[in-house]
Amino acid sequence: MTEKTEVLVFDLFNTLIEIKDNRHFFSRLYGLSNNGFNVSTNEYRNLLLNTPIEGVFNVLPDEFEIFFNENISSLEAELNSTRLFEDSISVLEKLREQYTIILISNIASPYKKTFYDLGLDTYFEKVIFSCDVGLIKPEIQIFRIAENYSGKSGKQIMMIGDSEKSDINGAKKMNWKHVKISRKEMKKSKYTIVNLYSLNDEIATYDKI
């Protein structure tokens, strides 16, 4: 029998919350630059995800900070439009009574604000943002932070997220249990749920294997 699940690790965006008015703020800034701030799109993405915004200002040419400040209203619109999925709080309320709850999110630092504004910090014992730790899912080291904090490993931990590449493949590398949430699907399938309400059933099924 598989070890009992003791730790749940959640992704954030498109798992617990969503941006209703997505302006693709940082992509837009990149497009405004004549030479892409002298970095490739992949380098740009990684820099945003593993560096606080003040550090990004220091690394990229001055035009990035200029464009950032000139278009800040677009970023604010995104942040203000961020909403919880209707199942997020009620499910987290119940789960924290039984499990250690941890968050791992690939996130550019301005978007951290929504996590706290929506009161989600109340439900997590440990919060790991890529921009704070300089690591990006599916890098093994960012998952190891969760293991080291919880004192658990392998099948004692379950990852819940929407990204096959970042969340599910990362969990597989760690030999964690994993459940993909795909909110646009019509019905759940093996290891895939369409909302968080069915997560308890998925955990129970996993733990019986």
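In this predicted model, helix H1 and helix H2 cross in a right-handed sense. The two helices pack with their axes 12 Å apart and at an angle of about 135 degrees, which makes H1 oblique to H2. On the H1 side, the residues that meet H2 are Phe26, Leu29 and Tyr30, and their counterparts in H2 are Thr41, Tyr44 and Leu48. Sorted by class, this contact of H1 with H2 holds 5 nonpolar residues, 1 polar residue and no charged ones.

Aromatic rings also deserve a look here. Across the whole structure, a search returns 22 aromatic pairs. In one of them, the ring centres of tyrosine 30 and tyrosine 44 are 4.7 Å apart and the ring planes stand at 40 degrees, so the pair counts as tilted. Tyrosine 30 belongs to helix H1 and tyrosine 44 to helix H2 (residues 41-50), and the pair thus links distant parts of the chain, 14 residues apart.

Helix H1 (residues 25-32) packs with helix H4 (residues 62-70) at an angle of about 130 degrees, the axes being 10 Å apart. H1 and H4 are therefore oblique to each other, and H1 passes H4 in a right-handed crossing. The contact brings Phe25, Phe26, Leu29 and Leu32 of H1 together with Phe64, Phe67 and Phe68 of H4. By class, the residues of this contact are 7 nonpolar, with no polar and no charged ones.

Strand S1 (residues 7-10) and strand S4 (residues 100-105) run parallel and are joined by 4 bridges. Within this pairing, valine 9 has isoleucine 102 in S4 as its bridge partner.

As background, most residues other than glycine have a negative phi, and most peptide bonds are trans. Against that background, lysine 137 and proline 138 are joined by a cis peptide bond, with omega about 15 degrees. Histidine 24, a residue other than glycine, has a positive phi near 50 degrees and lies in the loop between strand S2 (17-19) and H1. Phenylalanine 37, which is not a glycine either, shows a positive phi of about 55 degrees, and its place is in the loop between H1 and H2.

Note on methods: Residues are numbered from 1 along each chain as its sequence is written. This is a predicted model: local features need pLDDT of at least 70, side-chain atom pairs count only at pLDDT 80 or more; totals for chains, interfaces and linings use all residues. Side-chain values use heavy atoms; hydrogens and water are left out. Axes are lines fitted to C-alpha atoms, for helices over the stretch in contact, and angles run from 0 to 180 degrees between N-to-C directions. Angles under 35 degrees count as roughly parallel, over 145 as roughly antiparallel, 65 to 115 as roughly perpendicular and the rest as oblique. A crossing is left-handed if the near helix is turned anticlockwise from the far one by less than a right angle, and right-handed if clockwise. Contact means heavy atoms within 4.5 Å. Ala, Val, Leu, Ile, Met, Phe, Trp, Tyr, Cys and Pro count as nonpolar, Asp, Glu, Lys and Arg as charged, and the others, Gly among them, as polar. Two strands pair if DSSP finds at least two bridges between them. Rings of Phe, Tyr and Trp (its six-membered ring) pair if their centres lie within 6.5 Å; planes under 30 degrees apart count as stacked, over 60 as edge-to-face and the rest as tilted.
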